[in-house]
Amino acid sequence: RWPSLLKYYSHSDSVSWLEEYKARHNAGLEAQRIVASFSKRFFSEHVPCDGFSDIETLGCPSHFFEDELMCILNMEGRKGLTWKYYAKKILYFLRQQNILKNLKEYLQRPTERQSFLEGAVLIDQYCNPLSDICLKSVQAQVDDITDKVRKVLRTKNPRHPSLASKAGEVLIPEVELQRQVLDAMNCVLYEQLKYKGNELDYYNSLNSYIHQVLIRRTGIPISLSVLYLTIARQLGVKLEPVNFPSHFLLRWCQGKEGSTDIFDYTYIDAFGKGKQLTVKECEYLIGHHVTEEFYGVVTSKEVLQRMVGNLLNLGKRESTDQSYQLLRDSLDLYLAMYPDNVQHLMLQARLYFHLGIWPEKVLDILQHIQALDPSQHGAVGYLVQHTLEHIERRKEELGPEVKHRSDEKHKEVCFSIGLIMKHKRYGYNCVIYGWDPACMMGHEWIRNMNVHSLPHGPHQPFYNVLVEDGSCRYAAQENLEHNSEPREIPHPDIGRYFSEFTGLHYLANTELEIRYPEDLELTRATVQKIYSSGKE
């Protein structure tokens, strides 16, 4: 029943299976209780950082609890959408907390025990906590490439020291033998396996995730360099990372080991099919002269900093991601490495403030910034004042607003919660999760969206819709029509509002139904009328 738990036991263990079964069963009940409570507690806001406090003090083994969450997520069919939505959030949190703990432990090790590959995997895992990514699996794929390189080497030089059983533990001193390894690596990576720099889609976050680099065989300079450097070291060639501006490189020593002369090194561009460059050619690569310091070797922590910095920049660019998840994740990683960086702490505080989430966390961050840098008191004071106002407003909220169809002011509202619609002008598919009898947006939004150009302007019902591209929009009634071919809407927040997809429409969950108590019957009647007549 629980094959995924097999990895937690060994054949030599003496286990009371009845006690294990009881523990797993109780963990399952606890997970179900917590998941069920989340919709009621957090329907009207993002789950706050202290919302997971009861999970952090679990009275059951965490791997059993996590296993039940996976069972919920893997439920077949189109039911249990709200449970799946919150189970996913809880699992996301649990795994990220565990990965963050592993990252901090990694950073505390001596530098020589910090594998570049392991660091890249930790970043990958943190940004993709629901994916099945582990160091063992990634290492096995790298080992497979290394074995292919050995086969090529064997045809060129059957006595090459890299072919010995303990190759990699001892560095090869002769430059010519090292060159043979790098030539064989270039042959396997770029000719046989067709790895290449992703020039066409450079700013895709997948290029930064090492497991995706191995699957898609493409990446950016830093991710391809981590792969290249790891394989070279496993074959006895010491390459070192170089934090070159705009284009990450590796360096290979041609002179005395440890030399500080930048001309004693050849520089390798893993993004450019392993091309070997001189100092002058490195400058041609980026189009300008740089000082000697940029040719120096960097630590594993600095490599991770640059990888996270790339993701941070991508997170700022991704305007379609309304939750800013990538920006939030990369900020967490950066601050795990540099917890006192005022610039990034301020960015985190502003982000949470902008999203209207975790106001108590915002106050904690601002207090930390003020202690680190009193000169920030102006910006800190502004945010503190508005965050306190947010907390006070939240306390004054009386509860959910209930909208009854029978109210005279709602008589013009034609569509109901859960209907699958199509936008007449833009053609997108969407599902309705809220409505207003008239446009409730401010004058600036109405002006920017050119609402007055519509025949009925802002004086018509407007609908909150979840769109298939992952966005949330506010659409005028005259721009929406019933979708003749209703389909599931792949939106990340679908489970926040709906419990099931029937094949023709969505069923509102308990919390949404409280707010629109008369919509469900209307939705069923509408669906019956539209689609049954269509079948006839």
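Two strands count as paired where DSSP finds at least two bridges between them; strands (E, at least two residues) and helices (H or I, at least four) are DSSP runs, numbered from the N terminus. The model is predicted, with local features requiring pLDDT of at least 70 and side-chain atom pairs pLDDT 80 or more, whereas totals for chains, interfaces and linings use all residues. Residues are numbered from 1 along each chain as its sequence is written, and side-chain values use heavy atoms, without hydrogens and water.

**View 1. Pairing of β9 with β10.** Strand β9 (residues 462-467) runs antiparallel to β10 and is joined to it by 5 bridges. Asn464 lies opposite Tyr474 of β10.

**View 2. The open sheet of 5 strands.** The strand order is β10-β9-β8-β7-β11, with antiparallel pairing. Because β10 (472-476) and β11 (480-482) each have a single partner strand, one side of each edge strand lacks a neighbour in the sheet.

**View 3. The largest nonpolar core.** A nonpolar core is a set of buried (under 20% relative accessible area, 1.4 Å probe, protein chains only) Ala, Val, Leu, Ile, Met, Phe, Trp, Tyr and Cys residues joined through side-chain atoms within 4.5 Å. The largest has 86 residues, and Tyr195 and Tyr228 have the most contacts inside it. Helix α7 (residues 175-192) supplies the largest share, 9 residues. Another core, of 31 residues, lies apart from it and includes Leu81, Phe415, Cys430 and Tyr463.

View 4. Ser205 is in the loop between β1 (196-197) and α8 (210-216). Ser205 is buried, at 12% relative accessible area. Beyond neighbours within four places in sequence, Ser205 is in contact (heavy atoms within 4.5 Å) with Leu311, Leu314, Glu318 and Leu326.

Notes
Buried < 20%, exposed > 50% of the residue type's maximum accessible area, 1.4 Å probe, protein only.
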